Amino acid sequence: MNKVIEINHPLIQHKLTIMRDKNTGTKDFRELLTEISMLMAYEVTRNLPLEEVEIETPLVKTKANIISGKKLGIVPILRAGLGMVDGFVTLIPNAKVGHVGLYRDPETLKPVEYYLKLPKDTPEREIIIVDPMLATGGSSVAAIDVLKREGAKNIKLVNLVASPEGISEVHKYHPDVDIYVASVDEKLNEHGYILPGLGDAGDRLYGTK
């Protein structure tokens, strides 16, 4: 309950530092996000169950482990979350991908749902929600609300950068959801942006600033 896993791998921290730099362009930002997502996927899936099977190598028969039929779903929060999908599905090619469309109202800072498309067997899958930023927590809480409404029972949240306020907000409403982050940053500013953060991830990802 209330579990936050901060992934401090040197490669992740190195790449994240480059992403934070305001001089990093769209192409590099996009590539770094994919690379970090792949590295985080490795950690997020560390506890997948295994089962023993018998195979035959070119030399002998042997027993070895494979993933035990675990069904996974990757659900990005549109639009910035899309930038994390490729990294995850590169390592987990059999995962199905759903989409939750949310935007933050600039006046109220509250999330507004505008799109939803999920795998039909969502209740049977372990769902990994991906979004680069966990700022106020509103969008993540709303996305988890949607997934639970659609029957998901096992949900993880993966973010590059999170604020303490956002983490608290998610765990206030969803204490059963583990949060995986590359960095817990200092705080939010008066506009709801993470400090030091890395700016607007969607704008930097797609060059729309």
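## Pocket linings

Mentor: Start with the second largest pocket, which is lined by L48, I67, G69, K70, K71, L72, L91, I92, P93, N94, A95 and R125. Keep in mind that this is a predicted model. The space in this second pocket comes to about 260 Å³. By class, seven of its lining residues are nonpolar, two are polar and three are charged.

Now the largest pocket. Its volume is about 660 Å³. The lining takes 29 residues. Nearest the centre are Y103, R104, D131, S139 and D200. By class, the lining splits into 14 nonpolar, nine polar and six charged residues.

Which elements supply at least two lining residues each? Three strands do: β4 (72-78), β6 (99-104) and β9 (133-134). Two helices do as well: α4 (138-149) and α6 (201-206).

UniProt, in an unreviewed entry, has a "binding site" feature at I194, G199, D200 and A201. The lining of the largest pocket includes I194, G199, D200 and A201. UniProt also lists R79, R104, D131, P132, M133, L134, A135, T136, G137, G138, S139 and D200 under "binding site", again from an unreviewed entry. Of these, the lining includes R79, R104, D131, M133, L134, A135, T136, G137, G138, S139 and D200.

D200 sits in the loop between β13 (194-195) and α6. Buried, exposed or in between? D200 counts as partly exposed, because its relative accessible area of 26% falls between the 20% and 50% cut-offs. Beyond four places in sequence, D200 touches R79 and Y193. Its side chain also has a polar atom 3.0 Å from the backbone nitrogen of G202.

Follow the contact to R79. This residue is in the loop between β4 and α3. R79 is partly exposed too, since its relative accessibility is 34%. Sequence neighbours within four places aside, R79 contacts D200, G202, D203, Y206 and T208.

A201 gives a contrast. It belongs to helix α6. A201 is buried, because its relative accessible area is 5%, under the 20% cut-off. Away from its neighbours within four places, A201 meets F29, A80, P132 and M133.

Last, helix α3 (residues 82-91). Its buried residues are G83, M84, V85, G87 and F88. What covers them? The cover includes α2 (26-44), β4, β5 (96-97), β8 (126-130), β10 (154-162) and α6. Two of these elements, β4 and α6, each also supply at least two residues of the largest pocket's lining.

Methods:
Residues numbered from 1 in each chain as written. Predicted model: local features only at pLDDT ≥ 70, side-chain atom pairs only at ≥ 80, totals over all residues. Heavy atoms only, no water. 1 Å grid on protein atoms, 1.4 Å probe; cavity = no way out; pocket = protein on both sides within 12 Å on 5 of 7 lines; lining within 4 Å. Points joined across faces, edges and corners; volume = space filled by probe spheres on them. Helix = DSSP H or I, 4+ residues; strand = E, 2+ residues; numbered from the N terminus. Nonpolar A, V, L, I, M, F, W, Y, C, P; charged D, E, K, R; others polar. Buried < 20%, exposed > 50% of the residue type's maximum accessible area, 1.4 Å probe, protein only. Contact = heavy atoms within 4.5 Å. UniProt positions renumbered as here; feature names shortened; annotations may be inferred. Polar contact = N/O pair within 3.5 Å; in protein donor to acceptor, adjacent residues only side chain to side chain.
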